[in-house]
Amino acid sequence: MLKRKTSMTYIDLVAWVNESLDKIKGARIVNVYYTGKYWLMKIHRDGKKYLVLEPSHRINLTTIEPQRKYIDKLTAFLRKHVNGGFIRELNIVDRERIASIDIEKGNRKYIVYLELIPRGFLVITDNDNRILYASRFAEMRDRKIKIGEKYALPPGNIDILNTPSDKLLELMKKGKDLVRGLVKGWKIPGEIAEEILYRAGLYELKFVDVSSISRNDVSKLVNTLRDLINEAKRGKGYIILSNEDYFSFTPYYPRVFQEIHGLGIKELESFNTAIEAYFAFIEKVNEYERLKKEIEAELEKLDKVINEQKQAIERYKELSSKYMDLANYISLNINEVENILDCVKKMKDKYGWDKIVECKGVVNYNKNKGIIEIMLDNKAIELDIRLTAWDNARKYYKLSGEYKAKAERAKEALQELLRKKNELMSKTIEVARKEVIMLRPRMWFERYHWLITSEGYLVLAGRDASQNESLVRKHLEPTDIFLHADIHGAPATIIKTRGRVPSEKSILEAAVIAACYSKAWKLGLASIDVFWVRGEQVSKTPPSGEYITKGAFMIYGKKNYLKNVELKLAVGIEPICDDVYGFYERVIVGPEDLVMKRSLVYAVIVSGSREAKTVAKKMIDEFKKAVTNIPISIDAREIEERIPGKSDIIKINKGLVKEEEIECIRD
């Protein structure tokens, strides 16, 4: 049976290192993070990117900033020792599924080993291969992963391409047939074993005994494996699809998956992209399974409460009926019951409790409670001797009514529990599944206020003085456009032009960001002037004898003014179809006509009296009502952080993006 791929093979590692070496070698390590599952090295070489290090599973590059970042002990150790260092080399260790990364920081050298083997480790050593730290520590039969120990490799694979045919044939006998011989003897993963058998024309023999295989067949298999490795080095990536689910990935065209198993093939621009796309999908599947288990556990608890409630209802009904029968019986036999009570009282007063059993029908008593038990017509009845027969009947009528009322209240509670269960069963799992599918990456620019203009220009604006400083120092280039509202307390706003010349439309769209996130919003102004200049006109260098505060800049030359930019901001939900992350949603802001064209649903806000948190919650509630077929997976906090300050909603509308037209959902 075919199994979903969970880790990179040796050929995958060869292909990835061949493709990525030039992108990593010489890179400076900016920082290290932990996501809860894997580690990331933030590196800088021709732009910033992340190196994903997940023991037992994968190594790849991504430009997507993770949504959650933590610092564990290994992360803290790596930050201390390798932050600011440079990656000098990237290698595959001794034909194993182990990547080694040589790092140099000052006059010290380190090696980071990432093991892709089952139960693999992430290990950092000094230049003498002494272990300094690891993702976990263990003492095994063949090696120790402990601080101070020499890093030792696990039992190695064989060099298939340079091993004599006789030896390879002997190794194959470890399996009971040809395909298992390749898996167990040559230590080749099943999917690669099947691929080389198919390409070598030996697929029909995969279940035959190894003894029937000739040296010539062995040579065919070796040559096919060599060809497969060479093909893998070309840099292409392929995702294998099973009913739209990602089933596996390869750096070579997976003929056996397509031609034998009938699975779909998706070709991607690079093998690194294939790895990133595949594991992004797997993370979503795992998250879905986690949510599903949570929901199933919640349903189990709910079922238990429902069963208890049903039992309580039956118990209350039985007691109500029992007490009603007793009350009715006493009422129908009122004189006889009254006579018994009179007898009991006289006997008790004259002879004591022990003699009351001589009264007709009395079978037992509890003198501490003043209760007697009588038996009439085979019916046992407890009576309070301090009450009359009618009062005893009324007591039972009252108890019957109380338990009837309890049963009714319990029924109402049961209906509410059943409603919750139905809602949970019919909606929650499906919503959870879709929300997991829409787990989204966070792009690097989302740490700022941002907008993408109708012409495709990226607009960035600082959230505070530190970000203003960062934008101008790190991101503003001479050909970019710099905008600023004509008021003290406004974000540094830039249009990244990449050497092109944006039209007035893009500049006006960017001006909305510059205006709305300025102090003018908090002051309740309706509009404000915004000026713009070329990036080359902005400087952090003050005139002689003057000082520029953090987040402030000098503007030289003519300013171009945009008069009365309206303080009105549209906030929308934009659907995204991505090759790597599939379908997800993100919050976009800007002028209404721009946001409307890209959104499923949007709101328009102006400066007002309601707190951003309240406005965000109102928006998300209304958005979910407006969009019926696709769950809105955006958290209200994501909207809150895009709201400039106290606001009022003046409009909520459907956007021009139709749910049924979203390609990656429709397909």
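## Close-up views

**View 1. Ile-275 is buried, at 0% relative accessibility.** Buried means under 20% relative accessible area, exposed means over 50%, and partly exposed falls in between (1.4 Å probe, protein chains only). This is a predicted model: local features need pLDDT of at least 70, side-chain atom pairs count only at pLDDT 80 or more, and totals for chains, interfaces and linings use all residues. Residues are numbered from 1 along each chain as its sequence is written, and side-chain values use heavy atoms, with hydrogens and water left out. Ile-275 sits in helix 8. Helices (H or I, at least four residues) and strands (E, at least two) are DSSP runs numbered from the N terminus. Contact means heavy atoms within 4.5 Å. With neighbours within four places in sequence set aside, Ile-275 touches Met-8, Trp-16, Arg-58, Ile-59, Asn-60 and Phe-249. Val-17 is 258 residues away along the chain, yet its C-alpha atom is 12 Å from that of Ile-275.

**View 2. The largest nonpolar core has 76 residues.** A nonpolar core is a set of buried Ala, Val, Leu, Ile, Met, Phe, Trp, Tyr and Cys residues joined through side-chain atoms within 4.5 Å. Trp-16, Ile-59, Met-172, Trp-186 and Leu-221 have the most contacts inside this core. Helix 8 (residues 271-332) gives the largest share, 8 residues. Cys-516 is buried, with 0% relative accessibility.

**View 3. What surrounds Ile-59?** Neighbours within four places in sequence are again left aside. Contacts of Ile-59 include Met-8, Leu-13 and Trp-16. Leu-51, Val-52 and Leu-53 also touch Ile-59. So do Ala-99, Ile-101, Leu-114, Leu-116 and Ile-275.

**View 4. Helix 1 packs against helix 6.** Two packed helices are described by the angle between their axes and the distance between the axes. Axes are lines fitted to C-alpha atoms, for helices over the stretch in contact, and angles run from 0 to 180 degrees between N-to-C directions. For helix 1 (residues 10-24) and helix 6 (residues 215-232), the angle is about 35° and the axes are 8 Å apart. The crossing is right-handed. That term applies if the near helix is turned clockwise from the far one by less than a right angle; anticlockwise makes a crossing left-handed. Helix 1 brings Ile-11, Val-14 and Ala-15 to the contact. Helix 6 meets them with Leu-225, Leu-228, Ile-229 and Ala-232. The contact residues are 7 nonpolar, no polar and no charged. Here Ala, Val, Leu, Ile, Met, Phe, Trp, Tyr, Cys and Pro count as nonpolar, Asp, Glu, Lys and Arg as charged, and the others, Gly among them, as polar.

**View 5. Cys-343 and Cys-359 form a disulfide.** A disulfide is a covalent bond between the sulfur atoms of two cysteines. Here the term means a pair of cysteine sulfur atoms within 2.5 Å. The sulfur atoms of Cys-343 and Cys-359 are 2.1 Å apart. Their S-S torsion is about -85°, so the disulfide is left-handed. Cys-343 belongs to helix 9 (residues 334-351) and Cys-359 to the loop between helix 9 and strand 15 (362-366), so the pair ties together parts 16 residues apart in sequence. Cys-343 is partly exposed, at 26%, whereas Cys-359 is buried, at 3%.

**View 6. Arg-119 and Asp-377 each have a positive phi.** Arg-119 has a phi of about 55° although it is not a glycine. Its place is the loop between strand 7 (108-115) and strand 8 (122-126). Arg-119 is exposed, with a relative accessible area of 65%. Asp-377, also not a glycine, has a phi of about 50°. Asp-377 is in the loop between strand 16 (371-376) and strand 17 (379-384). At 65% relative accessibility, Asp-377 is exposed.

**View 7. Gly-84 lies in the loop between helix 2 (73-82) and strand 5 (86-92).** Gly-84 is partly exposed, with a relative accessible area of 32%. Beyond four places in sequence, Gly-84 contacts Arg-28 and Ile-29.

**View 8. Leu-424 is part of helix 10 (residues 389-437).** Leu-424 is buried, at 8% relative accessibility. Glu-298 is 126 residues from Leu-424 in sequence, with 8.9 Å between their C-alpha atoms.
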